[in-house]
Amino acid sequence: MSDIIVTGCAGFIGSHLCESLLKEGYQVIGIDNFDSYYDRRFKERNLAILRDRKQFEFLEADIRDFDYLRRKIRNTEVVIHLAARPGVRSSMKDPKSYADANILGTISVLELALKLNANQFIFGSSSSVYGLDEVPFREDSPADRPLSVYGGTKRASEIILHAYSYNYGLPVTILRFFTVYGPRVRPDMAIYKFAKGIFLGEEITVYGEGKLKRDYTYISDIVDGIIKALRRKFSYEIFNLGSGRPIEIIRLIRLLERYIGREARIRFEEKPREDMPETYADISKAKKLLGYEPKVSIEEGVRKFVKWFLNNIEENLRL
Ligand SMILES: NC(=O)c1ccc[n+]([C@@H]2O[C@H](COP(=O)([O-])OP(=O)(O)OC[C@H]3O[C@@H](n4cnc5c(N)ncnc54)[C@H](O)[C@@H]3O)[C@@H](O)[C@H]2O)c1
């Protein structure tokens, strides 16, 4: 089977995606630089699942190091670009590093894709591009008022991708992910911080009285959506990959309490300005054109997440 490049392969979504691609029989070249946004040990743990697989080659490299990557890789059919600095709040504190990694990084990966004669480019974008748009978010909403620099870097990348698709005929599929969760979720994400706090009996910080809404999407549904996108080529299309069923954060906390079997100690704080009050995906386009069909309910997803969290509790607390 053909070669696929996955950038950000040591991350949460990237490592799950690579696992599934290998199961499907693809040869995968994974690229990651263990960016310092969160502890490298989490990423080493993700990568351990992939490292000795015969069809997997790992390159520890920065996506902006075009010359090195050009030397190391001969050709590829598809590039799935997931490497980025994530994190809405932190992007307001260090905006330049976000622009650098996410915008210049994307251009570098695009240049590489052209040199390697790739015939498909899939980009991991985000619901944060929608900012102040009306819910439910549709792919044809303006998405021109993101609330964070992070959201801005994702939208800028989407627009630059259009120019590459237009000028070079590179088929581009943009997937806007909505709050992804599951085993090995990023440690900076609310669900992970809440689970840890609830387990340890420590106070957790909850914004906006727990009434902010998020369209939580289980990792296996996201991976399924990416693989479905891989099987269809478009000259340039954008798709929401969400569950289409947003919940209030307080409901997430109640589910975590139920499955962990302990009560949360909550401190409410005002919503940071850059946090979106609500994310809600209209997924009808992905259903129609990709055959995307999210399957995991929030109850089942949180139960599975907690099972993983508790089964690996010593490691999760040590890291
Ligand atoms: N997790 C979510 O809920 C979510 C939602 C929307 C969009 N996304 C996007 O999906 C992608 C994957 O997210 P994730 O949650 O798995 O994050 P993650 O941080 O776990 O994974 C990203 C990986 O990219 C790597 N990386 C960062 N900069 C790099 C660089 N310059 N060179 C090489 N590697 C680099 C990091 O080391 C990391 O392993 C990101 O683009 C993110 O913005 C995630």
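A polar contact is a pair of N or O atoms within 3.5 Å; within protein, one must be able to donate a hydrogen and the other to accept it, and residues adjacent in sequence count only if both atoms are side-chain atoms. The side chain of Glu257 makes one with the side chain of Arg254, at 3.0 Å. Keep in mind that this is a predicted model, where local features need pLDDT of at least 70, side-chain atom pairs count only at pLDDT 80 or more, and totals for chains, interfaces and linings use all residues. Residues are numbered from 1 along each chain as its sequence is written, and side-chain values use heavy atoms, with hydrogens and water left out.

**Around the ligand**

- The ligand is surrounded by 29 residues, where being near means having a heavy atom within 4 Å of the molecule.
- The closest ones are Asp32, Tyr38, Tyr150, Lys154 and Val180.
- Tyr38 puts a polar side-chain atom 2.5 Å from an oxygen atom of the ligand.
- Lys43 has a side-chain N or O atom 2.9 Å from a ligand oxygen, while a polar side-chain atom of Asp62 sits 3.1 Å from a ligand nitrogen.
- On its own the ligand would expose 820 Å², and the protein buries 98% of that (areas from the Shrake-Rupley method with a 1.4 Å probe; for residues, only the protein chains shown count as cover).
- Helices (H or I, at least four residues) and strands (E, at least two) are DSSP runs, numbered from the N terminus.
- β5 gives the most, with three residues.
- Sorted by class, the shell has 15 nonpolar, seven polar and seven charged residues. Here Ala, Val, Leu, Ile, Met, Phe, Trp, Tyr, Cys and Pro count as nonpolar, Asp, Glu, Lys and Arg as charged, and the others, Gly among them, as polar.

**Salt bridges**

- Side chains of opposite charge can pair when their charged atoms come close.
- The whole structure has 25 salt bridges (a side-chain nitrogen of Lys or Arg within 4 Å of a carboxyl oxygen of Asp or Glu).
- Glu24 pairs with Arg231 in one of them, with the closest N and O atoms 2.4 Å apart. Glu24 is in the loop between α1 and β2 (27-32) and Arg231 in the loop between α8 and β11 (236-241), so this pair ties together parts that are 207 residues apart in sequence.
- Arg138 and Asp140 also meet in a salt bridge, at 2.8 Å from N to O. Arg138 is partly exposed at 40% relative accessible area, and Asp140 is exposed at 56% (buried is under 20%, exposed is over 50%, partly exposed is in between, with a 1.4 Å probe and protein chains only).
- Glu300 and Lys304 form another, at 3.5 Å from N to O. Both sit in helix α11 (residues 298-311), four residues apart, or about one turn of the helix.
- Arg40, Glu44, Arg51 and Glu60 are linked in a network of salt bridges.

- Asp221 lies in helix α8 (residues 219-230). Asp221 is buried but has no salt bridge, and the nearest side chain of opposite charge, Lys295, is 5.4 Å away (Lys and Arg count as positive, Asp and Glu as negative; His and the chain ends are not counted).
- The Asp221 side chain does reach the backbone nitrogen of Lys295, at 2.9 Å.
- Glu257 is found in helix α9 (residues 249-260), and is buried, with a relative accessible area of 12%.
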